[in-house]
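Colleague: I am new to reading models like this one. Could you walk me through it, feature by feature?

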Amino acid sequence: MPWYAVEDLDDALDATKSLLTPFDARQWLKLALVVFFLGNASSGSSWTAGSSTDAPPDAPPGPAGPTGVEVDLPFAFGEVLPVVLGIVAVALVVGLVYSLVGSVMEFVFVESLRRQRVRIRPYADQHFGQALRLFAFRVALGLLVVVPVLGILASVVSFAGGQPGFSVGLLAVFVPLLIFLGIAVAVVDGFTTNFVVPVMILKNVGILDGWRRFWPALTGQWEQYGVYVLVRFGLALAVGLLASVVGGIVGALLAAPLAVVGVLAVPAFGGPAALLSNPVAVAVAVALLLGYLALLTAALSLVFVPVQTYLRYHALLVLGDTESDFDLIPELRRDVRETG
């Protein structure tokens with residue numbers, strides 16, 4: 001029995017070449033804009049900041065946590081709490097808007113690959129109602145992981161409140177639950193993006209009807225889709241390695257100006273402790289960080305246009321092979337296989 005996910009690897013490459021060659025800068029930039037909102041070319045950044053001061057010899061010891069470790073923050077938590085809550089609220093709104101636009105771009109991307117022509121506004125207008133349903137579905141999926149996340153936060157609060165035993169119990173319950181739900185949500189969202197969205201486009205239906213129509217193909221050809229998951233996992237590892245290398249290089253180049261600003265700004269504000277105790281400085285630093293991440297994502301989107309195009313063509317080819325009634329690209333499939 002042929003495994004479509006394996007056989008379609010070469011066909012997906014030929015399909016990608018047919019769309020991206022000869023090179024068209026305008027079309028490439030449009031696809032980069034779409035990929036930017038798909039959120040697939042991403043990088044992570046981590047940083048730590050803080051300081052500690054010892055109490056003078058004749059001063060009474062500060063409050064100790066349950067482990068006996070003295071904690072001395074360079075600022076009062078109540079002073080920065082409004083700023084923290086404001087940042088969280090803004091980040092939540094920005095994330096929801098980004099996700100909404102990304103849901104629209106899922107349909108724009110598939111239509112562009114299907115028609116071999118990138119047109120953002122017409123495709124977005126055509127599928128806006130379906131995109132809203134996809135957005136609501138994704139929000140519902142995201143809410144599934146809220147409960148274990150809140151449980152883990154509660155464990156942190158319990159630990160800080162001097163109840164380490166209760167905290168460990170919460171972690172023992174909610175960490176495995178978070179892992180399980182995280183994997184399940186990722187798999188469902190991946191199948192929705194790669195297979196249900198094309199069905200929604202082809203049959204002009206909503207997200208639930210799309211899943212109902214796709215479900216018989218998924219259960220009837222579960223071996224094919226199981227192999228697809230394995231192949232896609234391997235491709236994800238390769239893409240992740242590439243993203244790490246490229247993201248590291250691009251990120252370092254973009255971070256250099258911010259590093260210079262930081263070196264100059266921290267002493268000007270009186271050091272890290274004074275900087276962290278200044279709500280305006282914290283807000284500006286967060287804004288610069290978000291701007292850096294947005295710029296980095298935009299730069300990576302340009303680089304990863306062919307990667308995301310290849311991955312989505314691969315999924316469309318597998319979908320059409322498992323169920324001919326869901327084939328969005330029959331002519332392109334025939335062309336690449338005849339020439340191949």
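Colleague: In what order do the elements of the protein chain run from the N terminus on?

Modeller: They run α-α-α-α-α-α-α-α-α-α-α-α-α. That is 13 helices and zero strands. Helices (H or I, at least four residues) and strands (E, at least two) are DSSP runs, numbered from the N terminus. This is a predicted model: local features need pLDDT of at least 70, side-chain atom pairs count only at pLDDT 80 or more, and totals for chains, interfaces and linings use all residues. Residues are numbered from 1 along each chain as its sequence is written, and side-chain values use heavy atoms, with hydrogens and water left out.

Colleague: What is the mean pLDDT of the protein chain?

Modeller: pLDDT is the predictor's confidence in each residue, from 0 to 100. Here the mean is 82, and 79% of the residues reach 70 or more. Residues 41-75 have pLDDT below 50. Beyond near neighbours in sequence, that stretch has 30 contacts (heavy atoms within 4.5 Å) in the model.

Colleague: Which residues of H1 are buried?

Modeller: Buried means under 20% relative accessible area, exposed over 50%, partly exposed in between (1.4 Å probe, protein chains only). An α-helix has 3.6 residues a turn, so residues three or four places apart point the same way. In H1, the buried residues include Ala-5, Asp-8, Asp-11, Ala-12 and Ala-15. Helix H12 (residues 305-322) is mostly covered, with 17 of its 18 residues buried. Across the protein chain, buried residues make up 33% of 340.

Colleague: Which residues does a cis peptide bond join?

Modeller: Most residues other than glycine have a negative phi, and most peptide bonds are trans. Thr-21 and Pro-22 are joined by a cis bond, with omega about -5 degrees. Pro-22 sits in the loop between H1 (4-20) and H2 (25-38).

Colleague: What is the phi of Gln-116?

Modeller: Phi of Gln-116 is near 60 degrees, a positive value. Gln-116 lies in the loop between H3 (77-115) and H4 (120-126). Gln-116 is partly exposed, at 29% relative accessible area. Asn-204 also has a positive phi, near 55 degrees. Asn-204 is in the loop between H7 (164-203) and H8 (207-220), and counts as exposed at 63%.

Note on methods:
Expected span 1.5 Å × (residues − 1).
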